[in-house]
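Me: I'm new to this one and would like to go through it slowly. Can you show it to me before I start asking things?

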Amino acid sequence: RKRRDHDETRAARSDPGRLRCGCYAVAAAKGNAMKNSLRIALLIDADNASVSTLDYVLGEIADLGMANVRRAYGDWGSPHLRGWREALLANAIQPVQQIAYTSKGNASDMAMVIEAMDLLHAGAFDAFALMSSDSDFTPLVMRLRSANMHVYGFGKSQAPAAFQRAC
């Protein structure tokens, strides 16, 4: 199994347009015909994720279980997030408003990390799906995994290697 996962990882890396999935384990998890569906918290960093890939991500998550929590974080007054509005409404994703206090601030990232930790300690989830291409979430992934959580990361193929490897 380990070898197959490694081969899938190598194949995914060779396709620059393909999304990265948590340890590239989504295909392996689907192949195991999981007896119990995972309860998944989907957290989206809308500032660093593409709305055009949302349907793909939701499909992958649906194959793994149910996204009991679906939240997207961003400064929704920002012009570059306008494309998200319809997608959030169509997919029952709760927008979480976080004003950007500075032009290069990470306020949305911080809100997403706080929410992830709150959800972790609530004990109601088996897995987290993080949609971002931001390496700043690497410590969060490592912390969730240390708590025996499955973590699936979804982002652009050029997402930093640190984030990809942590998932």
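Reply: What follows is a short talk through a predicted model, taking the sheet, the cores, a glycine and an aromatic pair in turn.

Me: How many bridges join strand 2 to strand 3?

Reply: Four bridges join these two strands, which run parallel.

Me: Switching to the inside: how many residues are in the largest nonpolar core?

Reply: That core has 23 residues, and those with the most contacts inside it are Leu42, Ile44, Leu54, Ile61, Trp84 and Met131. At least two residues of this core come from each of several elements, including strand 1 (38-45), helix 3 (54-64), strand 2 (65-74) and helix 4 (84-90). Helix 3 gives the most, with five residues.

Me: What does Ile61 touch?

Reply: If residues up to four places away in sequence are not counted, Ile61 touches Ile40, Leu42, Ala67, Ala129 and Phe154. There is also a second, separate core of 21 residues, which includes Met117, Leu119, Val141 and Leu144.

Me: Now the glycine. Where is Gly65, and is it buried or exposed?

Reply: Gly65 is found in strand 2, and Gly65 counts as buried because its relative accessible area is 16%, under the 20% that the term requires.

Me: What is Gly65 in contact with?

Reply: Leaving aside neighbours within four places in sequence, Gly65 is in contact with Ser37, Leu38 and Ile40. The C-alpha atoms of Gly65 and Leu38 are separated by 4.4 Å, although these residues are 27 residues apart along the chain.

Me: Last topic, then. How many aromatic pairs does a search of the whole structure find?

Reply: The search finds one aromatic pair, formed by Phe125 and Phe128, and this pair is tilted, with 6.3 Å centre to centre and 50° between the planes.

Me: Are those two buried or exposed?

Reply: Both Phe125 and Phe128 are buried.

Terms used: Residues numbered from 1 in each chain as written. Predicted model: local features only at pLDDT ≥ 70, side-chain atom pairs only at ≥ 80, totals over all residues. Heavy atoms only, no water. Core = buried A, V, L, I, M, F, W, Y, C linked by side-chain atoms within 4.5 Å. Buried < 20%, exposed > 50% of the residue type's maximum accessible area, 1.4 Å probe, protein only. Contact = heavy atoms within 4.5 Å. Phe/Tyr/Trp six-rings, centres within 6.5 Å; stacked < 30°, edge-to-face > 60°. Pairing = 2+ DSSP bridges.
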